[in-house]
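Notebook open, structure on screen. Here is what I looked up, one topic at a time.

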Amino acid sequence: MASTPEGLVKTKIKKILNTRGAMHFSPYMAGMGSAGVSDIIALYKGRFIAIEAKADATKKPTELQKKFLFGVEVNGGLPLVIHKDNVNELRGILESIDDGE
């Protein structure tokens, strides 16, 4: 997986989550799940986080992915679109959760 540009971003995201001790998984769809589910689902200090990984800022979520991320947000979760240019922002977001924000 890590050989693609998006795969490299997913690897970085997982490393950041692992360093913080966040629980996370990547849903395996194989035609049996719901379309649009984010690439990485995480739970960190009681916060539900859905992360859609993209190779870079030019890649945008599909309509189904946007719908899923919206559903996460309206239900109190944290929807994120992370790519190679903003992957380090994930650290700041997790630090904000640490600080109770």
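I count a contact when heavy atoms lie within 4.5 Å. This is a predicted model, where local features need pLDDT of at least 70, side-chain atom pairs count only at pLDDT 80 or more, and totals for chains, interfaces and linings use all residues. Residues are numbered from 1 along each chain as its sequence is written, and side-chain values use heavy atoms, with hydrogens and water left out.

I looked up Leu94 and its contacts. Leaving out residues up to four places away in sequence, Leu94 touches Ile16, Leu17, Arg20, Tyr44 and Ile49. For the record, helices (H or I, at least four residues) and strands (E, at least two) are DSSP runs, numbered from the N terminus.

**Sheet**

I then traced the open sheet: four strands in the order S1-S2-S3-S4, with mixed pairing. Two strands pair if DSSP finds at least two bridges between them. S2 (residues 40-44) and S3 (residues 47-53) are antiparallel over five bridges, and Leu43 stands opposite Phe48 in S3.

**Gln65**

Is Gln65 buried or exposed? Gln65 counts as buried because its relative accessibility is 13%. I found Gln65 in helix H2 (residues 63-74).

Conventions. Buried means under 20% relative accessible area, exposed over 50%, partly exposed in between (1.4 Å probe, protein chains only).
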